[in-house]
Amino acid sequence: MTKIIHFLIVFAAFILNSCSSDSHEEEVKPVEPTNDFYVNFNMKGFFYEISNADYALRSQGRYYKCAKDWIDGAIKISLEDSTDEKFITEVTFWINKKVFKDELNSSNNLSYLGRALNTSTTSIGFPIIQNGYYEVYDLENSVFLVNRNLSAEAQLYITTKDGFYRSTSVVPNERDPGSFIVVERVIENKEADSYSYPYIIEGKFVVNVFEGMYGTTSQIVEGNFRWPIGRIEDSELLSVCG
């Protein structure tokens, strides 16, 4: 009980801190790729193959989070059913990373994404809370302390005809200890000048997804993916966050 109360206090402080920090959302045009993208997964005893062969690949908009010392950004990309006939109506997936401002390099506008995707130096985890499970909250000073060389964070949302499932939680839940995500291949997109994603990633994952916005029960989802990473440039982050 004491741990749950402490978690709620920390989480409430986190919400207040997030509101006071400089966060931005910006809608962008749909992504129109020539490559094949997919996420295949098992869920509740059924296997689903979701790809842009029969789902529309779209951007859900740019996300920025600006703190005093660090910056975070991502483009949330979804595969959406436009027919209103499929059980899985939408899958959204993205990877982001908290990077210190002095580590950004405007002369190499994709160094931020490189830091998030470089699996030789960076592991990736599914955060239990939307805005970061690699953050440490300082109760005394009411700030989140973010260390350098943090792991990147992946988030997965699945919408079905009868529910909504997310890899993050807004109540005191615990991540299944068997959860993981591995990026096995990072492909540079040679058409990056024409489209908004400079990289394509391939990999696999196992994660428990929580049902609903405030759900306490979860389902294990296991699968693999080939997914585009939206263009977030260093100069863009520095311009927005200062």
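# Close-up views of a predicted model

**View 1. The disulfide count for this predicted model comes to 1.** The two partners are Cys-66 and Cys-241, with their sulfur atoms 1.9 Å apart. Cys-66 belongs to strand E4 (residues 56-66) and Cys-241 to helix H3 (residues 234-241), so this pair, 175 residues apart, links distant parts of the chain. Is the disulfide left-handed or right-handed? The torsion about the S-S bond is about -65°, and the disulfide of Cys-66 and Cys-241 is therefore left-handed. Both Cys-66 and Cys-241 are buried.

**View 2. Here we look at aromatic rings, for which the count comes to 9 aromatic pairs.** One of them joins Phe-37 and Tyr-197, whose ring centres lie 5.6 Å apart. Their planes stand at 90°, over the 60 degrees that sets the edge-to-face class, so the pair is edge-to-face. Phe-37 sits in the loop between strand E1 (22-26) and E2, while Tyr-197 sits in the loop between strand E13 (180-188) and strand E14 (199-211). The pair therefore ties together parts that are 160 residues apart in sequence. Phe-37 and Tyr-197 are both buried.

**View 3. Tyr-48 and Phe-87 form a stacked pair.** The ring centres of Tyr-48 and Phe-87 are 6.1 Å apart, and because their planes meet at 20°, under the cut-off of 30 degrees, the pair counts as stacked. Tyr-48 comes from strand E3 and Phe-87 from the loop between E5 and E6, a link between distant parts of the chain, 39 residues apart.

**View 4. Five aromatic residues make a cluster: Phe-93, Phe-126, Phe-205, Phe-225 and Trp-227.**

**View 5. The largest cavity has a volume of about 60 Å³.** A search of the whole structure turns up 2 cavities of 30 Å³ or more. Which residues lie nearest the centre of the largest cavity? They are Ala-74, Ile-75, Ile-95, Ile-229 and Gly-230, out of 14 residues that line the largest cavity. Strand E5 (70-80), strand E6 (88-96), helix H2 (111-117) and strand E15 (218-229) each contribute at least two lining residues, and E5 gives the most, with 4 residues. Sorted by class, the lining holds 12 nonpolar and 2 polar residues, and no charged ones.

**View 6. Glu-153 is a buried residue in strand E11 (residues 152-160).** Its relative accessible area is 2%, under the 20% cut-off, so Glu-153 counts as buried. What does the side chain of Glu-153 contact? It makes a polar contact with the side chain of Lys-98, at 3.2 Å.

View 7. Lys-44 is partly exposed, with a relative accessible area of 44%. At 61% relative accessibility, over the 50% cut-off, Asp-84 therefore counts as exposed.

How values were computed:
Residues are numbered from 1 along each chain as its sequence is written. This is a predicted model: local features need pLDDT of at least 70, side-chain atom pairs count only at pLDDT 80 or more; totals for chains, interfaces and linings use all residues. Side-chain values use heavy atoms; hydrogens and water are left out. Buried means under 20% relative accessible area, exposed over 50%, partly exposed in between (1.4 Å probe, protein chains only). A polar contact is a pair of N or O atoms within 3.5 Å; within protein, one must be able to donate a hydrogen and the other to accept it, and residues adjacent in sequence count only if both atoms are side-chain atoms. On a 1 Å grid over the protein atoms alone, a cavity is a set of points where a 1.4 Å probe fits but cannot get out, and a pocket is an open set with protein on both sides within 12 Å along at least five of seven lines; lining residues have an atom within 4 Å of a point. Grid points are joined across faces, edges and corners, and a volume is the space filled by probe spheres set on the points. Ala, Val, Leu, Ile, Met, Phe, Trp, Tyr, Cys and Pro count as nonpolar, Asp, Glu, Lys and Arg as charged, and the others, Gly among them, as polar. A disulfide is a pair of cysteine sulfur atoms within 2.5 Å. Rings of Phe, Tyr and Trp (its six-membered ring) pair if their centres lie within 6.5 Å; planes under 30 degrees apart count as stacked, over 60 as edge-to-face and the rest as tilted.
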